[in-house]
There are 2 protein chains.
Amino acid sequence: MNDRLDRFDLKILDELQKNGRLTNNELADRIGLSPSQCSRRRSRLEVEGYIEGYQAVLDRSRIGLDLLVVISVTLAKQNHDGAKKFARLVNDLPEVIEAYALTGDMDYHLKVAVRNLAELSRFINNVLLPHDSVEHVRTSIVLDVLKRDRGVTLHIT
Amino acid sequence: MNDRLDRFDLKILDELQKNGRLTNNELADRIGLSPSQCSRRRSRLEVEGYIEGYQAVLDRSRIGLDLLVVISVTLAKQNHDGAKKFARLVNDLPEVIEAYALTGDMDYHLKVAVRNLAELSRFINNVLLPHDSVEHVRTSIVLDVLKRDRGVTLHIT
DNA sequence: GGTGAAAACATCCAAGA
DNA sequence: TCTTGGATGTTTTCACC
């Protein structure tokens, strides 16, 4: 699995999770390797798929998306390809940031960002509920973000 | 709110969400502005807080974290500063990627990444449940990721 | 795993639209 | 006021050690 990653590779991944725009010079300072070595290792980590990409993280509320909600969705059982249709749906909906299929009764979780309650209401009643495959939804509003996604913790020896 | 963002700014944010390591030259090609203009605007978007940072996105399963789970946590009601203690706890736990306080009965949602079921079991029984403030947990395993977080959709005029 | 040099890039400033 | 193009220092990357 990560047998091919030594402690330098792990440190590079760790630093790039914290700041994805670090230069090879800055990486070199932080991990104690030459810049060219960092360049080569980083490029390898990208090519071999350890690094899937780099993302700018935006302040959602700064651009008007003040409401974050988690919507639990139950799909109708009868419809056999309802799951596929639903997957296509959530991928096409710009309000949906993340979507997971889960074990348990409430089959799906959607993380959704909208401007306000009016838009949330419109999204649920005019977009989600009318869809064939959707049987039931339960909406929970995010009151507080206790921990934001800053990547995984890498156990560096 | 975003009155101060014209369509070029929005396009820059959009492109940087998709690829956070775009150079100003690449940005310039994509949005039709000079590289120096892109540099200036990007720096302004950073300083003014529209861009919070840049993150490398890792392939979790490639580094051994094959299990993604959503844990719904109910806190004990009596303990008045249980919420604060819980917030501190989840921030200290490396397994927890995201944590939200929600409206509704199941008060908190944790997104957790672990190596396997043994580690999940250890995390729930030896870490989460023994904590004072935690009353009840319900664990849902992520069976499928329908949509990954690639940032929000910006409505560019 | 490091070095050095060439090419690409970021950033700043003077000047134009 | 917003934008451009060129000057200058940095960064990336490659061949080579």
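In the predicted model, a phosphate oxygen of DNA strand D is 2.8 Å from an N or O atom in the side chain of Arg41(B). Two further side chains of chain B approach the phosphates: a polar atom of Ser34(B) lies 3.1 Å from a phosphate oxygen of DNA strand D, and for an N or O atom of Gln37(B) the distance is 3.4 Å. The model is predicted, with local features requiring pLDDT of at least 70 and side-chain atom pairs pLDDT 80 or more, whereas totals for chains, interfaces and linings use all residues; side-chain values use heavy atoms, without hydrogens and water, residues are numbered from 1 along each chain as its sequence is written, and chains are lettered from A and ligands numbered from 1 in the order in which they are written.

Chain A supplies Thr23(A), Asn24(A), Asn25(A), Ser36(A) and Ser39(A), and chain B supplies Arg21(B), Ser34(B), Ser36(B), Gln37(B), Arg40(B) and Arg41(B). By class, these residues comprise no nonpolar, eight polar and three charged (Ala, Val, Leu, Ile, Met, Phe, Trp, Tyr, Cys and Pro count as nonpolar, Asp, Glu, Lys and Arg as charged, and the others, Gly among them, as polar). The largest share, four residues, comes from α3(B); helices (H or I, at least four residues) and strands (E, at least two) are DSSP runs, numbered from the N terminus. Of the DNA strand D atoms within 4 Å of the protein, 60% belong to sugar or phosphate and the rest to bases.

The two protein chains also meet each other. Their contact (heavy atoms within 4.5 Å) takes 66 residues from chain A and 66 residues from chain B. The buried area, that is, the accessible area (1.4 Å probe) that two parts lose on being put together, summed over both, is about 6300 Å², with carbon and sulfur atoms giving 54%. On the side of chain A, Arg21(A), Gln55(A) and Lys147(A) lose the most area to chain B, together 14% of what that side buries.

Four salt bridges cross this interface (a side-chain nitrogen of Lys or Arg within 4 Å of a carboxyl oxygen of Asp or Glu). One of them joins Lys111(A) to Glu98(B), whose closest N and O atoms are 2.7 Å apart. Strands β1(A) and β1 (residues 51-58) of chain B run antiparallel and are joined by seven bridges, where pairing requires at least two DSSP bridges. Within β1(B), Val57(B) stands opposite Gly53(A).

Notes: Near = heavy atom within 4 Å. Polar contact = N/O pair within 3.5 Å; in protein donor to acceptor, adjacent residues only side chain to side chain.
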